[in-house]
Amino acid sequence: MVLLAGIVASWVIYDILFWQQPNNLYDLNVYLGSAARWLDGGQPYMTAAVSSWPSGPQHDFFLYPPPFLPIFGLLSRLPVIPVAPAFPVAMVACAFFAYLCLALLRVS
């Protein structure tokens, strides 16, 4: 019982510490930061081995194929206030469309 209580306590402490970090929309910030770097003439993709952690999501590297760079490049030039809420809405819409395409969800 003591071991179980220790595991649960460490899990709860880890969750509390993890969720206190400001990592809201980390993926979106990675895509916007690397696409903005690409528009400014920099390299959006990783070109060397990882030797240190990026200092923030804007300094992380792009993960999608090149056709998505212009889309995120355009979004990186827009204000963050409309882009941030539109990103989760677009992800939910894409998931809904995928369910429809796979016939996992019926709309009547």
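The model is predicted, so local features need pLDDT of at least 70 and side-chain atom pairs count only at pLDDT 80 or more, while totals for chains, interfaces and linings use all residues. Residues are numbered from 1 along each chain as its sequence is written, and side-chain values use heavy atoms, with hydrogens and water left out. The chain holds four helices and zero strands; helices (H or I, at least four residues) and strands (E, at least two) are DSSP runs, numbered from the N terminus.

**Overall shape and surface**

- From the N terminus on, the order of elements is α-α-α-α.
- The radius of gyration of the chain is 19 Å, whereas a compact globule of 108 residues would have one near 13 Å. This radius is taken over C-alpha atoms, and the globule rule is 2.2 Å times the number of residues to the power 0.38.
- Along the principal axes, the C-alpha atoms of the chain fill a box of roughly 55 × 50 × 30 Å.
- The accessible surface of the chain is about 8500 Å², and 72% of this belongs to carbon and sulfur atoms. Accessible areas come from the Shrake-Rupley method with a 1.4 Å probe; for residues, only the protein chains shown count as cover.
- Of the 108 residues, 19% count as buried. Buried means under 20% relative accessible area, exposed over 50%, and partly exposed in between (1.4 Å probe, protein chains only).
- Contacts are defined by heavy atoms within 4.5 Å. Among contacts between residues at least 6 apart in sequence, 61% join residues at least 24 apart.

**Helix H2**

- H2 has 14 residues and reaches 20 Å from its first C-alpha to its last, close to the 20 Å expected at 1.5 Å a residue. The expected span of a helix is 1.5 Å times one less than its number of residues.
- The buried residues in H2 are Leu28, Val30, Tyr31, Leu32, Gly33, Ser34, Ala35 and Ala36.
- These buried residues of H2 pack against H3 and H4.

**Helix H4**

- H4 spans residues 80–101, which is 22 residues, and reaches 31 Å from its first C-alpha to its last, close to the 32 Å expected.
- A kink of about 25° lies at Ala86 in H4, shortly before the proline Pro88. The bend at a residue is the angle between axes fitted to the seven residues ending there and the seven starting there.
- Val83, Ala84 and Phe87 are buried in H4, and the buried residues of this helix pack against helix H2 (26–39) and helix H3 (69–77).
- Ala103 follows H4 and has a positive phi, near 55°.

**Aromatic pairs**

- Rings of Phe, Tyr and Trp (its six-membered ring) pair if their centres lie within 6.5 Å; planes under 30 degrees apart count as stacked, over 60 as edge-to-face and the rest as tilted. By this rule there are two aromatic pairs.
- Tyr31 lies in helix H2 and Phe72 in helix H3, so the pair ties together parts that are 41 residues apart in sequence.
- Both Tyr31 and Phe72 are buried.
- One aromatic cluster is formed by Tyr31, Phe72 and Phe87.

**Single residues**

- Ser34, in helix H2, counts as buried because its relative accessibility is 0%.
- Leaving aside neighbours within four places in sequence, Ser34 is in contact with Pro44, Gln58, Asp60, Phe61 and Phe62.
- His59 is found in the loop between H2 and H3 and is partly exposed, with a relative accessible area of 49%.
- Not counting residues up to four places away in sequence, His59 touches Arg37 and Pro54.
- The C-alpha atoms of His59 and Val30 are separated by 7.1 Å, with the two residues 29 apart along the chain.
- Cys94 lies in helix H4 and is partly exposed, at a relative accessible area of 47%.
- From C-alpha to C-alpha, Cys94 and Val83 are 16 Å apart in space, and they are 11 residues apart in sequence.
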